[in-house]
Amino acid sequence: MQKLTIAVAKGRLQTEALDLLARAGLSVSSEMLASRRLAVEDESGRFRFIFVKPGDVPVYVEHGIADCGVVGRDVLLESEADVLQPLTLGIGRCRMVVAAPSDMPLSGYRVLRVATKYPRVTARHFGLRGLSVEIIPLSGSVEVAPLLGLADCIVDLVETGRTLRDNGLVIVEVIAESTARLVINRASYQLKAEAVAHLIDSLSEIVAQGDVISSETTP
Amino acid sequence: MSEPLSKIPNGTRYYFAREARTRRSVEQIVMSVFDGWSYEEITTPTVDYYSLFEHGMGRSQAHRAFRFTDTDGRLLALRPDVTSGVARAAVTIFADRDRPLRLCYAAPVFRQQPQSHVEWRRESTQTGCELIGSNTSVADMEVLAVASEILQNLGLGHNYQITVNDVGIFKGIATHQSLDEVSRDEMRQLVDSRNAADLERFLAQHGFAPEDRCALTQLTRLSGKRETLERARRLIPNAGSREALDRLDSLWSMIESLDLADRFEIDLGDVARLDYYTGLTFNIYVNGAAARIGNGGRYDGLTAAFGKAEPAVGFVLDLDALTTVLLGLDVDTRLPKESERQMALVTNSDPTLLFCEARKKRAEGERVLIKL
């Protein structure tokens with residue numbers, strides 16, 4: 001079977017993703033993981049892993065540098081990448097929400113200022129409801145923006161909600177539930193059909209065993 | 001603020017030397033195959049009425065064109081595809097010709113918005129063919145045979161895969177339910193990105209019957225050879241889809257009997273452009289390209305917008321993407337060899353003698369380089 005390159009999102013998702021892949025028979029030796037190498041092979045030699053920033057996973061997959069990728073749905077919604085998403089992996093569960101100081105009304109004719117790391121998702125979400133918003137793209141610590149007066153509300157990812165509470169914010173709306181997805185390059189899906197189908201099958205078996213109930217909602 | 005003059009617009013590029021030569025050779029090989037199957041070359045206007053493309057490609061595709069206005073205020077566009085112009089020509093200037101009509105082309109097309117992050121070019125060269133006036137599966141097979149000969153002749157014989165589908169299968173299930181245009185397209189996108197999880201949720205929300213939900217989510221994973229058709233038959237109960245499955249079945253039998261089954265695959269989840277195609281659809285993938293390098297199918301509604309509905313089938317290849325692949329792949333192509341490009345240095349202090357010598361060598365077919 002042809003060799004597959006799999007892009008894995010670094011950070012939040014990485015450990016869980018590697019654990020899931022290992023259970024599906026794609027394991028990386030601990031020496032490899034301990035090293036700082038960003039491209040490593042699995043023990044069978046049939047897979048190569050590359051570790052990249054979450055937002056870059058769809059980029060590597062869409063360009064065919066990686067055949068497959070493991071990345072959160074939140075990232076896919078923002079990237080609008082043209083990739084196949086045949087499998088929900090049930091790990092890395094979180095929510096994409098609108099959050100605001102509790103006393104802030106979000107309706108009316110006023111133009112809302114929204115700080116976010118997800119400008120496209122934000123524009124789509126408010127656009128669908130006919131609201132005009134000024135989007136303020138930030139690259140981190142978005143929760144502090146309303147407190148400092150930069151924005152009226154934020155669109156961000158929430159796992160436990162603790163950061164929001166600590167910064168005086170409450171969830172106003174849930175835009176989307178998100179878990180990790182297996183994504184696949186369109187050409188690889190055809191040209192490496194056998195290897196890709198095998199990967200999907202063995203991963204879906206593991207996911208089914210874990211009895212992962214998908215409870216995502218469509219934005 | 002003035003821009004530096006060195007800049008060239010996003011999505012455009014230069015072709016030079018070996019790349020430019022390769023691109024020209026690819027075009028020649030492709031066009032000679034078309035000629036070999038009796039397709040006549042046609043060139044459509046580079047600048048045309050925007051409404052042509054709106055009718056020919058559908059609004060969602062046409063709006064990607066560069067647009068500007070004519071002196072009388074009518075909206076013009078730089079040609080974003082060639083097929084629209086060919087379809088109009090077929091029912092106007094070729095109205096009295098015998099059918100079927102076989103036409104081919106190679107020309108640059110322009111798109112203000114690129115298709116995806118990978119297909120970044122805003123100017124690209126399309127080459128393709130149209131077979132107009134026949135609705136048989138033999139006509140479908142003819143264009144597939146032409147496409148496969150082109151790939152073979154380019155030296156990609158072991159490096160390509162053509163996926164085939166019939167959009168009637170999906171339409172048969174989808175039209176079961178009354179969905180508005182936006183929801184229909186959302187559903188199509190979910191199937192097209194093989195997103196079974198979100199599709200399942202969408203179908204439940206829109207009140208699809210359990211057997212249709214099951215059929216549609218399974219459709220996203222149905223690909224392979226003949227066994228795919230058998231699996232689909234067990235899953236899909238409605239008459240419209242069955243009819244499309246039968247069409248695909250007879251096409252697959254031809255593919256098998258021509259020993260092409262290795263290079264072809266059935267992919268029932270390919271529903272990229274439902275508003276456009278009416279029967280067969282296919283995508284061409286080659287090793288070394290991250291996205292498809294060609295696609296085609298049957299569009300029996302195409303010429304209706306220009307006055308007369310005629311069955312039509314055809315395909316288009318991205319000549320620039322093919323060139324990039326051929327330059328990068330280590331295969332024995334039929335392209336001219338670079339090693340054969342030697343030149344004869346001509347030197348003489350007397351200009352008359354210099355040019356006499358050069359012209360003599362040119363007459364002998366040599367490639368000359370004058371020392372200045």
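User: Which strands of chain A does helix H5 lie across?

Analyst: Keep in mind that this is a predicted model. Helix H5 (residues 119-128) of chain A lies across E6, E7 (112-116), E8, E9 and E10 of chain A. Its direction is about 170 degrees to that of E8(A).

User: In what order do those strands sit in the sheet?

Analyst: The order is E8-E7-E9-E6-E10 in chain A, an open sheet of 5 strands with mixed pairing. Strands E8 (133-137) and E10 (169-178) of chain A are the edges: each has a single partner strand, so one side of each lacks a neighbour in the sheet. On average, neighbouring strands of this sheet are turned by 25 degrees against each other, direction ignored.

User: In what sense do E6 and E9 of chain A pair?

Analyst: Strand E6 (residues 94-101) and strand E9 (residues 153-158) of chain A pair in the antiparallel sense, over 5 bridges.

User: Now the helices. How should I describe a packed pair?

Analyst: Two packed helices are described by the angle between their axes and by the distance between the axes. Take H10 (residues 226-235) and H11 (residues 239-257) of chain B: their axes come within 10 Å and cross at roughly 165 degrees. An angle over 145 degrees counts as roughly antiparallel, and H10(B) and H11(B) are therefore roughly antiparallel to each other. The crossing of H10(B) past H11(B) is left-handed.

User: Which residues meet where H10(B) and H11(B) touch?

Analyst: From H10(B) come B:Arg226, B:Leu229, B:Ala232 and B:Arg233, and they meet B:Leu245, B:Leu248, B:Asp249 and B:Trp252 of H11(B). By class, this contact of H10(B) with H11(B) has 5 nonpolar, no polar and 3 charged residues.

User: What share of chain B is buried?

Analyst: Buried residues are 41% of its 372 residues. Chain B has 13 helices and 14 strands, and its C-alpha trace spans about 90 × 55 × 50 Å along the principal axes. Among contacts in chain B between residues at least 6 apart in sequence, 69% join residues at least 24 apart.

Conventions: Residues numbered from 1 in each chain as written. Chains lettered and ligands numbered in written order. Predicted model: local features only at pLDDT ≥ 70, side-chain atom pairs only at ≥ 80, totals over all residues. Helix = DSSP H or I, 4+ residues; strand = E, 2+ residues; numbered from the N terminus. Buried ≥ 20, exposed ≤ 12 C-beta atoms within 10 Å, placed from the backbone. Contact = placed C-beta atoms within 7 Å. Pairing = 2+ DSSP bridges. Axes fitted to C-alpha atoms, helices over the stretch in contact; angles between N-to-C directions. Parallel < 35°, antiparallel > 145°, perpendicular 65-115°, else oblique. Left-handed = near helix turned anticlockwise from the far one by under 90°. Nonpolar A, V, L, I, M, F, W, Y, C, P; charged D, E, K, R; others polar.
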